[in-house]
Amino acid sequence: ELSSEDDKAVVSTQSTGMTKRPLETSDSVLLESTPSEEKFLNSTDLADVEHFSLDSDSEDEEEEMEIEGDYGSRPAVGETHVERPGDYHDDDCSSDEEEIRNRIGNIPMEWYDDYDHIGYDVHGAKVAKTHKEGDQLDKLLDRMDDPNFWRTVHDKQEGKDIVLPDEDIAIIEKLKNNKYSDLGYNPYEPYVDFFSYEKMETPLVDTPVSKRGFIPSKWEHKKVMKIIRAIRNGWMKPKDEGPKKPSYYDLWSSKPESQKHNPMHIPAPKLTLPGNEESYNPPEEYLPTEEEREQWENTEEADRSQNFLPQKYPCLRHVPAYPQLINEKFDRCLDLYLCPRKMKMKLNMNPEDLLPKLPKPKDLKPFPTSKAVKFSDHEGHVYSIDSNKSGEFIVSGGEDKVLRIWESSTGRVLTKITLPEIITCVKWNKVHSMIAAASGSTVYILNPGLGDRVSVDNGNKILMTLTDIRELDHCKWYPLGNDKDGLRIKIVHNCVVSNLTWHNNGSYLAVTMRDSSSCSVLIHNIIKHNSQKPFNKSKGQVQQVEFHPNKPFFFVLSQRYVRIYNLVKQAMVRKLICSVKWASCMAIHPKGDNLIVGSYDKALVWFDMDLSVKPYKTLVQHKKAIRSVSFHPRYPLYASSSDDNSTIITHGMVYNDLVKNPLVVPVKVLRGHQDNTKYGVLSNVFHPTQPWIYTGGADGCIWLYV
């Protein structure tokens, strides 16, 4: 019978083994069933459960229980239940009290990586995997789509994701900041003095001392007797340290004895030892003269070698107090206070070990080392020199407006041709019997008439085909006929020509004009007597142009860049950064994969075009501006000439193996030209077949080094 009177519920059952007792609010009831009872409950219909009763002693006995309390009553039919403070709710249970579904225990979860489940529940059934492990891309998508991704943790044992509430996040933040996890805990509460400072007659604790505190330990006595017995029988021998030797150490050593035990110990700086000048009775040679005393007094205190002057006294008691005592003690305290706290390890290595291992110059021979022939007939600067294909003759031009052709073996002048203006550049065609000479704004094409008769006749046939004046947009072609000096064609430009370059097939001639901005580069076809302007507008001031040895590439050197153009595609292929302030000249390796650039700021730059657009090496060997650079056509040599009247020969080996870097080793410095106030060596060119070099300088001389 159920009743709601006085908010009590009485459940009465007939039982002989139990008595009626009211249940308090602190009591809890836990019903556990055996496997047979679970089987019976599972097979019984819910309608039959109310007729089933659980007896404690026998099936016929009945039990009567009376439940009393504030929350123990059940509302009658039609009555509304009113919650009161202290009522029990299922929501009051914390997460620690939740039932654990996976009952495998504390074992590594990696054991279930290869299975489709993660354990077993209380009934022995498999707990299937509900969480699918994704890759990094899935995690990234979850991070972008799920706003609670940052507060989600994965429970490996249960196989599910748990979103942490705000309370847990607050606790984690407090732990990260080294604070207490309890939100309401105050670590700085006022101190409560539980005990009084007054001396009490009766102590709070008066426990008597234990008896074992007055009796020796029986087990310690047995252990000591065991050790004594082992020593008497010779089983245990004490360590023989031997006679103690007196320890000595250097009092004034820079590394004291204490540093052996503490390697990081830094001793304090020591005071300088007193010398003879600090004695009260120094020798006569230490006493200053009147001039030295006056000089010492006139010198600033910071510049004085010592803070005192030596003085002589008859006895020690006559020595007065030292006036600089306080200052020196203060400086000593500063030395101790500012002593370094950190040990700096010093690398003990030979500076020569830091240098690269380069071969010796004598192992890199042949290269030019000494003077052989002097060509001295010019008056003024020699701006340009060049050699023919066989190396038997050389051509030169300079400030005296005279073009000279020399015999290289003897230094004898074979031909002199006077031109109207200063000759800035001369180039010998390596295919046809032709020489191009730039004089002012005019380029002269001449046939020197040297060598075999067949090549001379072929050169005349090519040059004599121009019979009429040909006017083009940027230049004019003038035929000179059968001139006695060998001049055949004259090409007049709008600006002064500074540099000339022949193509390897001998049919094209590139002309550089520095003063022209719109037409700085022209390419002349000597066979067809035609000219072409490759660039509508030059990018920067053009210093020099060169043709690639075996590819249709065209190199243009400006003030800071080297631009490489493909003449077939008519497009720029690469742009090299010189990393210098002002480039002056360049030369291309015979294989075409490497390039050197000289500059007015004394630097020579080596480019490996297969490696990078930036310099492979930058060499600063000259003291003044570099005027000319050149490669040897056969030997691994290149030369650079400068205004410091020197020509440096360098071994530059380029390997066929692309993995191996070029070897660059300076081997010889050639000096032979006289000093000039402004300029030095202005041009150089290698002999085409021998390891020789020709140099032309501002002193009007040309030297051949062999």
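Predicted model: local features only at pLDDT ≥ 70, side-chain atom pairs only at ≥ 80, totals over all residues.
**View A. A patch of negative charge on the surface, with Asp146 among its members.** The residues that gather here are Asp135, Asp138, Asp142, Asp145, Asp146 and Asp161. Helix H2, which covers residues 136-145, supplies the largest share of this negative patch, namely three residues.

**View C. A patch of positive charge on the surface, with Arg232 as one of its residues.** Lys223, Lys226, Arg229 and Arg232 gather in this patch. Arg232 belongs to helix H4, which spans residues 218-232, and with a relative accessibility of 69% this arginine counts as exposed.

**View D. A network of salt bridges that links Asp377, Asp400, Arg404 and Lys416.** Side chains of opposite charge can pair when their charged atoms come close. Across the model as a whole, the count of salt bridges comes to eight.

**View E. The salt bridge between Arg412 and Glu407.** The closest N and O atoms of Arg412 and Glu407 lie 3.0 Å apart. Arg412 has a relative accessibility of 47% and therefore counts as partly exposed.

**View F. The salt bridge between Arg627 and Asp643.** In this pair the closest N and O atoms are 3.0 Å apart. Because Arg627 lies in strand S30 (residues 626-631), whereas Asp643 lies in the loop between strand S31 (637-642) and strand S32 (647-653), the pair ties together parts that are 16 residues apart in sequence. The two partners also fall into separate accessibility classes: Arg627 is partly exposed, with a relative accessible area of 27%, while Asp643, at 5% relative accessibility, counts as buried.

**View G. The cis peptide bond from Lys365 to Pro366.** Most residues other than glycine have a negative phi, and most peptide bonds are trans. The bond that joins Lys365 to Pro366, however, is cis, with omega near 15 degrees. Pro366 is found in the loop between helix H7 (325-337) and strand S7 (371-376).

**View H. Positive phi values at Lys401 and Gln570.** Lys401, a residue other than glycine, has a positive phi near 65 degrees, and it is found in the loop between strand S9 (393-398) and strand S10 (402-407). At 34% relative accessibility, Lys401 counts as partly exposed. For Gln570, also a residue other than glycine, phi is positive and near 55 degrees. The loop that holds Gln570 runs between strand S24 (561-566) and strand S25 (571-577), and the relative accessible area of 69% makes Gln570 exposed.

**View I. Tyr112 and its separation from Lys129.** Tyr112 is found in the loop between strand S2 (65-67) and strand S3 (117-120), where it is buried, with a relative accessible area of 14%. Although Tyr112 and Lys129 are 17 residues apart along the chain, their C-alpha atoms are separated by 9.8 Å.

**View J. Cys315 and Cys701, two buried cysteines.** A disulfide is a covalent bond between the sulfur atoms of two cysteines. The structure holds zero disulfides. Cys315 is buried, with a relative accessible area of 17%, and Cys701 is likewise buried, with a relative accessible area of 11%.

Technical notes. Residues numbered from 1 in each chain as written. Heavy atoms only, no water. Patch = residues over 30% accessible without salt bridge, like charges linked within 9 Å, V, L, I, M, F, W, Y side chains within 5 Å. Areas by Shrake-Rupley, 256 points an atom, 1.4 Å probe, with all protein chains shown as cover. Salt bridge = Lys/Arg side-chain N within 4 Å of Asp/Glu carboxyl O. Lys, Arg positive; Asp, Glu negative; His and termini not counted. Charge placed at Lys NZ, Arg CZ, Asp CG, Glu CD. Helix = DSSP H or I, 4+ residues; strand = E, 2+ residues; numbered from the N terminus. Buried < 20%, exposed > 50% of the residue type's maximum accessible area, 1.4 Å probe, protein only. Disulfide = S-S within 2.5 Å.
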